[in-house]
Number of protein chains: 2
Amino acid sequence: HRMDARSMWLYRLYYSNTCQWTLSLTIFLILLLAFIETPSSLTSTADVRFRSAPWDPPCGLTESVEALCLLVFVADVSVKSYLVGWAQFRKNPWLLAYLAVLVVSLADWIVSLSLLCQEPLRIRRLFRPFFLMQNSSMMKKTLKCIRSSLPEMASVVLLLALHLCVFTMLGMLLFTGEKQDDGQDRERLTYFRNLPEALTSLLVLLTTANNPDVMTPAYSKNRAYAIFFIVFTLIGSLFLMNLLTAIIYNQFRGYLMKSFQTSLFRRRLGARAAYEVLSSMSTRGEAHPRGVGVDPQDFLQVLQRVQLDSHQKPVIMEKVRSYGGDLLSAEEFQKLFNEFDKRVIKERPPRPEYRSPFLRSAQFLFSHRYFDYLGNLIALGNLVSISVFLVFDADVLPGDRDDFVLGILNCVFILYYVLELLLKAFALGLRGYLSYSSNVFDGLLTVVLLVLEISTLAVYRFPHPGWKPEMLGLLSLWDMARLVNMFIVFRFLRIIPSMKLMALVASTILDLIKNMRAFGGILVVVYYVFAILGINLFRGVVVAPGNGSLAPDNSSAPCGSFEQLEYWANNFDDFAAALITLWNVMVVNNWQVFLDAYRRFSGPWSKMYFVLWWLVSSVIWVNLFLALILENFLHKWDRRAHLQSLAGDPDTCCQ
Amino acid sequence: HRMDARSMWLYRLYYSNTCQWTLSLTIFLILLLAFIETPSSLTSTADVRFRSAPWDPPCGLTESVEALCLLVFVADVSVKSYLVGWAQFRKNPWLLAYLAVLVVSLADWIVSLSLLCQEPLRIRRLFRPFFLMQNSSMMKKTLKCIRSSLPEMASVVLLLALHLCVFTMLGMLLFTGEKQDDGQDRERLTYFRNLPEALTSLLVLLTTANNPDVMTPAYSKNRAYAIFFIVFTLIGSLFLMNLLTAIIYNQFRGYLMKSFQTSLFRRRLGARAAYEVLSSMSTRGEAHPRGVGVDPQDFLQVLQRVQLDSHQKPVIMEKVRSYGGDLLSAEEFQKLFNEFDKRVIKERPPRPEYRSPFLRSAQFLFSHRYFDYLGNLIALGNLVSISVFLVFDADVLPGDRDDFVLGILNCVFILYYVLELLLKAFALGLRGYLSYSSNVFDGLLTVVLLVLEISTLAVYRFPHPGWKPEMLGLLSLWDMARLVNMFIVFRFLRIIPSMKLMALVASTILDLIKNMRAFGGILVVVYYVFAILGINLFRGVVVAPGNGSLAPDNSSAPCGSFEQLEYWANNFDDFAAALITLWNVMVVNNWQVFLDAYRRFSGPWSKMYFVLWWLVSSVIWVNLFLALILENFLHKWDRRAHLQSLAGDPDTCCQ
């Protein structure tokens, strides 16, 4: 690393918030381009039967945005390599790969422009997620972790493959029916006709996606055949798949704890280095009689110029001042930084003080938690009233419904919510009210509800019996009423923090979301790469029935086929549609329908793509996600148990 | 506990192997009765269309077996309660429940006989799994563990229910299509018609069993509707369900370690108590000059009479003798018992020694591990030849196949296996050969293959071109050939221990099977109770089409319904069929078909049964199983890492 003054200035500039934000925005922008580029996703539906012609961006529009993004990346890589220095640069595979990807992208971009955007293949689209990956150190770390668990995962996958092969052979030997029109023979014809089909059937059974169907013909003939399928599922799906989970979790065990310790260690190291620098400065200026140490005045000057959390800065500065003119020793210096670890207890603004005793008792009443409970109860009542009307209206045609009573009820409830908002603001003061995040959520929804209700009343007048929906303006009355009701449903979520256990679980989930940015990033990368690959492989393969398509007409399609189930929207014709298709394959249910349809439309090799996607997404990523949840929950649990045991209340588990 | 001589004698008798085996056998027998009792499972198929009338056991046959079993249990409970004593008996809920269950069972049995086995309901069948449960202390412990994790599980389940309710309301508000023949309206009519149907649709979506179908009508209309379903699945299926796994695993963490420590502690306590008894005995006999301690002679006498592992007993006795006539101190006494922890390295019997140098070099050759590898290679070649023939024969009708070449090849391979068996037995000696369990497995399969091949040759003569299958005796030639080939597939499994990583994974699975008896027992209990309940609720509800059944004819049934998918064998008409039906619901895929069919055949309340079974089996038990696998794997991994770090080879994980 370079250490001279200009490099330091560049270093500060590069790691300033503005620069980092610009970089993140650029990455976001270049990834977003996939939705707009030539197979653009700007149609209301992805269904090949109803889809209108998508908007085709003029040549040069997306390309110019891309060029801007690539220029930012060029600046990024040059600054980074300058700061790191040539010797380090040669050794850093990530930086080298960054450079290579940029060169390839720029070359591809020039080819693209020179062919007037009519080129058959855009390689640079495949490389775009790399920019996201190289920008996050967490993602690199996670990737390293995954790579280190590959050998064990490979052994389990090998065992799975062996299991699959052995059972395929057994199955094919078992279901070589000799008589026609026999259950055994039907099983053979449907699922074990030849080796690839038998393998596919059992691979799908491994994901349990064709569970009762695959055994039905044989099991209808004889009970004993069920044993074959049950043993297969037990070994494959329960033992081996869960073993894979265990292996992945094993690698991530202590992951959070270690990263926590590493960051603590780094901060200690930084503080110590700062201490050395400051103490050498203070001794250089004057020979201090009282040994080596940091002069609090120097430290305060540094603190003034440093960016810190607005809550913690004054606390630390006050502490430093309390030392007076004494030099700070290394230990005292370290202790100052412990302030960062202390959870800041946010101070609520003081409540407004009223003089009149009536106002005071009203304030006590409306700031009491029972008043919150009453609000929850009323939200529940509102929800119940909506669901009662939903149940009553379920069998009435939408045109014949009468919304008079529900309209009145909603009006009353919304009035109560507004009243509650005002009373709470009166009791806690406006700033006090806004200091609770739950109140902000409530207040926002109340305001939205009020606006919606007022506009409803303005357009359609006050509800009267036989109130009928009319189409006026942008939204019909019905849409308006539905919107109002939906916001009430969201308002109901405020009861969650009132229940202790649910609050714990909900807070775990919130923590999880914070910790899973790296995992989310990997998911984005994987989805992006596979979606682009899928578009290149299968674009235009699914053709609407009736227009010279390979697909038979809907009425004649066999049950359970792509055509009968009307999965027409699950295609790879644009980026958004590809994402949804990949999601549906990742969820695994009915993926044999996709396998079969793309085999027919595109060829037998399409199976490779789907099986690879299944392995990457459903087998590896979902297990990673489970490992992350386990790690987060256990980390949180252990910390809580530790705190409880400190409070002298040990929690004994079963033994 | 009673301590007098007669009680001790009874105690020994009760815990003798014979008594415990009798008890286990009785439990097994009474559980097995469910297959034979009146809705007996002794038909070749469970399909209501093809099923013959089941065998009806005469009244008194199963009842007399049951009476015998119950008498054994009466003896068991009386011995147990006598040994425990009245004071303890009153405090022990398991013993009290045992007594109550026995009384109810006997009363029900008398009622049953007095009604000549025509009683409408047999309560005692529901209670039978209790006998299994109370006999296993591990199962009681596991049950306790599950019970202690119920509060947290309840909170997650509550959150799940809230999530389901909120999204059901949102969905119903979203899909109240105003126009006919609109995607929104089709969604409403198919999945969100009324509150119960919407709830069911989303509950099934929580298990991902109707994933692309439920979103298809709306998603075909507009892409944005997919977000609703994806968010629902993300929160419900990925976050909340995995959180449930984390909570269950959290309870079982350290489960194995703790039970291991407890058993070690108990053994130490027992050894210490034995030391006290023995030392008091030796001091009582004569005032020993050298202080307190155990006389080795006394100890040897005791050891002679104690049942111990045949390998460990001589080792300990030799150690005791090495102390000579000195008294054993408490520490020395404890050390003796450490012998139990040492893994016994099984001594192989010595190889036979041959005089002739030719025989010696042959012995070296055939006992070398490369000879094993050759055998594996040849088994692989055999497997490949079979699969090649399977691929070639796939499109040929079974009647037209020619098995000449495969028959010859199989003959040659089997001859090689026999030769290998003989050569290995020659090189290692017969006892040495049998001391390897892999050899026993190989040898057994070889013998079976040889017998099958000889009988094939005897019945059908030597294969000649145009060899055709004939039906002679019990098995046709085809069945025989299939059996031979299947055994060869099993023989192929011997390659697993040759691959290091796969051997680790396979040994984890084997360890797991040892540790999961308690979990398997709970699974048996749960399946038994639900199967009996299901038989009582749904017996005879599924009626074959055409015989006045509620079900429409197959050709007119809509796609994806019970009738179209021909799930006729999935009924509750007998115990075996009920087990398979429950398995299919536990695997979760397509369970909406069962929900829908039983709603139509039996009434809307049947959903409760299936949802409850889903919760118990798929949500709780499968997660328990995953927790067990995690626990086992991590336990094994940590022990291995510990051993490796002792060997000075620390394994660093990612950080």
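**Notes on the two-chain model**

1. Arg600(B) and Asp596(B) sit four residues apart in helix 27 (residues 591-602) of chain B, which means that about one helical turn separates them. Their side chains form a salt bridge, with the closest N and O atoms 3.3 Å apart. Arg600(B) counts as partly exposed at 31% relative accessibility, and Asp596(B) is likewise partly exposed, at 27%. Please keep in mind throughout that this is a predicted model.

2. Arg124(A) pairs with Glu66(A), the closest N and O atoms being 2.6 Å apart. Arg124(A) belongs to helix 6 (residues 123-127) of chain A and Glu66(A) to helix 3 (residues 61-84) of chain A, so this pair ties together parts that are 58 residues apart in sequence. Arg124(A) is buried, with a relative accessible area of 1%, and Glu66(A) is buried at 1% too. Both residues belong to one network of salt bridges with shared partners, which also takes in Glu37(A), Glu63(A), Asp108(A), Arg122(A), Arg125(A) and Arg128(A).

3. In chain B, Glu37(B) and Arg128(B) deserve a look as well: their side chains meet in a salt bridge at 2.6 Å, N to O. Glu37(B) lies in the loop between helix 2 and helix 3 of chain B, and Arg128(B) in the loop between helix 6 (123-127) and helix 7 (129-134) of chain B, so the bridge ties together parts that are 91 residues apart in sequence. Glu37(B) and Arg128(B) are both buried. Over all chains, the structure holds 28 salt bridges.

4. Now to the interface. Chain B and chain A bury about 11200 Å² between them, 70% of it on carbon and sulfur atoms. On the chain B side, Leu173(B), Arg223(B) and Phe239(B) lose the most area to chain A, together 7% of what that side buries. The contact draws on 123 residues of chain B and 122 residues of chain A.

5. What polar links cross this interface? Two salt bridges are counted between chain B and chain A, and 20 residue pairs are in polar contact, both residues at pLDDT 80 or more. Helix 13 (residues 225-252) of chain B supplies the largest share of the chain B side, 15 residues. By class, that side has 72 nonpolar, 32 polar and 19 charged residues. Asp574(B) forms a salt bridge with Arg223(A), with 2.8 Å between the closest N and O atoms.

6. In helix 1 (residues 5-14), Ser7(B), Leu10(B) and Tyr14(B) are buried. These three span an arc of only 60 degrees around the axis, which puts them on the same side of the helix. Ala5(B), Trp9(B) and Arg12(B) are exposed on the other side. The cover over the buried residues includes helix 2 (17-36) and helix 3 (61-84) of chain B.

7. In helix 18 (residues 357-367) of chain B, the buried residues are Ala362(B), Gln363(B) and Phe366(B). Their arc is only 105 degrees, so they too fall on the same side of the helix. They pack against helix 19 (369-393) and helix 20 (404-428) of chain B, while Pro357(B), Phe364(B) and Leu365(B) are exposed on the other side. Ser356(B) caps the N-terminal end of helix 18, a side-chain oxygen lying 3.2 Å from the backbone nitrogen of Phe358(B).

8. Finally, chain A as a whole: its secondary structure comes to 28 helices and zero strands, and 49% of its 655 residues count as buried.

Definitions and conventions. Residues are numbered from 1 along each chain as its sequence is written. Chains are lettered from A and ligands numbered from 1 in the order in which they are written. Side-chain values use heavy atoms; hydrogens and water are left out. Buried means under 20% relative accessible area, exposed over 50%, partly exposed in between (1.4 Å probe, protein chains only). Helices (H or I, at least four residues) and strands (E, at least two) are DSSP runs, numbered from the N terminus. The arc is that of the directions from the helix axis to the C-beta atoms. Contact means heavy atoms within 4.5 Å. Buried area is the accessible area (1.4 Å probe) that two parts lose on being put together, summed over both. A salt bridge is a side-chain nitrogen of Lys or Arg within 4 Å of a carboxyl oxygen of Asp or Glu. A polar contact is a pair of N or O atoms within 3.5 Å; within protein, one must be able to donate a hydrogen and the other to accept it, and residues adjacent in sequence count only if both atoms are side-chain atoms. Ala, Val, Leu, Ile, Met, Phe, Trp, Tyr, Cys and Pro count as nonpolar, Asp, Glu, Lys and Arg as charged, and the others, Gly among them, as polar.
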